[in-house]
Amino acid sequence: MTLRAERSAQGCEADALERALRRQARRSQALLVLSALLSCLLVAAAALVIVIDPLDEPLLRAAASAFFFPFAAVILHRYKAAADRMHLAPITRNQLPEVHRILEELCREAGLSRTPRLFLTKDPSIDPCTMTPGLRPHLVLGTDFLAGCRENGTPEALRFMLAHQVGHMVLNHHTRRWLWLSTAILGTPVLRGVFIRLLEFNADLWAARAVPEGAERALALCAVGKDNYPYLHGAEQAEHWETRRDVLGQVAYLSATQVSAAERVSQLHRHGLRLRTSLH
Ligand SMILES: [Zn+2]
């Protein structure tokens, strides 16, 4: 491909990803509005029951649970984030300066006024590739992922993963407003999975606009780990991602709260990310 054709292809890819990001961001905003309406409806119905029939004990208990549901959901989310934080190792600027340099560049380009703190985790129960953003502006990398980027010489994968997490912040997924507004949808089966997927896809699209060459590599590393990465192909995994499911498979898919790396790459290709044809 000539240099001119390559530039034109890059421009088309960036435009397609930008359009997809705007479209998907509108969908997640619409779900957030729906969630806020559901919360208001739930609290109003509970308040009505408490006022109309305060003597019916089982009904009163149910109404009180519904009334306090949004508050309990926020406390639970914050407790989980606090429990996860206990397993994180803080990485200061004196450690891993090359990672901080990339992070600072991304934050500057994104227009963020502060660079978030960086942490490492080797806790297998915390998956930094898909973790729901907490309320504190911090970024988490997995030890296996970081070692994989270093050992396999793929700085673009590291850049993509940092950009993904910066993307969550640019899109406000870590703010108190999002947490409060999303409690009802996060408590609703099926819609919860749809919403979590949208947040991940949006952050991926944001990152793919900035680092398109790192998307497949970063997500392949997330999927198979650093030791198997040199032998496997991220684009192949996405291409063969299982979309045909039996009934139980569909139920499992809809109720899942984690998004597979293969689905994420598959979504990015669907929205215009070009296939990188090299082995990785
Ligand atoms: Zn994410």
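User: Just after α8, which residue takes a positive phi?
Analyst: This is a predicted model, in which local features need pLDDT of at least 70, side-chain atom pairs count only at pLDDT 80 or more, and totals for chains, interfaces and linings use all residues. Residues are numbered from 1 along each chain as its sequence is written. Helices (H or I, at least four residues) and strands (E, at least two) are DSSP runs, numbered from the N terminus. Just after α8, a positive phi of about 85° is taken by G225.

User: How many residues of helix α8 are buried?
Analyst: A residue is buried if 20 or more other C-beta atoms, placed from the backbone, lie within 10 Å of its own, exposed if 12 or fewer do, and partly exposed in between. The buried residues of α8 are A215, E216, R217, A218, L219, A220, L221 and C222. Helix α8 spans residues 215–224 and is mostly covered, the buried count being 8 of its 10 residues.

User: By what angle are neighbouring strands of the sheet turned against each other on average?
Analyst: The open sheet has 3 strands in the order β1-β2-β3, with mixed pairing, where two strands pair if DSSP finds at least two bridges between them. Its edge strands, each pairing on one side only, are β1 (89–91) and β3 (138–142). Axes are lines fitted to C-alpha atoms, for helices over the stretch in contact, and angles run from 0 to 180 degrees between N-to-C directions. For neighbouring strands of this sheet, with direction ignored, the average turn is 35°.

User: Which residue in β3 stands opposite L118?
Analyst: Strands β2 and β3 pair over 5 bridges in the parallel sense. Strand β3 is also mostly covered, with 4 of its 5 residues buried. The residue in β3 that stands opposite L118 is L139.

User: At about what angle does helix α4 run to β3?
Analyst: Helix α4 takes in residues 143–151 and lies across two strands, β2 and β3. Its angle to β3 is about 70°.

User: Are α7 and α11 oblique or roughly parallel to each other?
Analyst: The axes of helix α7 (residues 191–210) and helix α11 (residues 261–270) come within 10 Å and cross at roughly 60°. Angles under 35 degrees count as roughly parallel, over 145 as roughly antiparallel, 65 to 115 as roughly perpendicular and the rest as oblique. The two helices, α7 and α11, are therefore oblique.

User: How many charged residues does the contact of α7 with α11 have?
Analyst: Two residues are in contact if their C-beta atoms, placed from the backbone, lie within 7 Å, and here E200, F201, D204 and A208 of α7 meet R264, Q267 and L268 of α11. Ala, Val, Leu, Ile, Met, Phe, Trp, Tyr, Cys and Pro count as nonpolar, Asp, Glu, Lys and Arg as charged, and the others, Gly among them, as polar. The contact of α7 with α11 divides into 3 nonpolar and 1 polar residues, while the charged ones number 3.

User: Is the crossing of α5 and α7 left-handed or right-handed?
Analyst: These helices, α5 and α7, pack at an angle of about 125° with their axes 7 Å apart, and they are therefore oblique to each other. A crossing is left-handed if the near helix is turned anticlockwise from the far one by less than a right angle, and right-handed if clockwise. For α5 and α7 the crossing is right-handed.

User: How many nonpolar residues does the contact of α5 with α7 have?
Analyst: On the α5 side stand F160, A163, H164, G167, H168 and V170, which meet A203, D204, W206, A207 and A210 in α7. By class, this contact has 3 polar residues and 1 charged residue, and its nonpolar residues number 7.

User: Is N172 buried or exposed?
Analyst: Most residues other than glycine have a negative phi. However, N172, which is not a glycine, has a positive phi of about 70°, and its place is in the loop between α5 (155–170) and α6 (176–186). Because 12 other C-beta atoms lie within 10 Å, N172 is exposed.

User: How many other C-beta atoms lie within 10 Å of V190?
Analyst: Residue V190 is found in the loop between α6 and α7, and its phi is a positive value near 70°. It counts as exposed, because the number of other C-beta atoms within 10 Å of V190 is 10.
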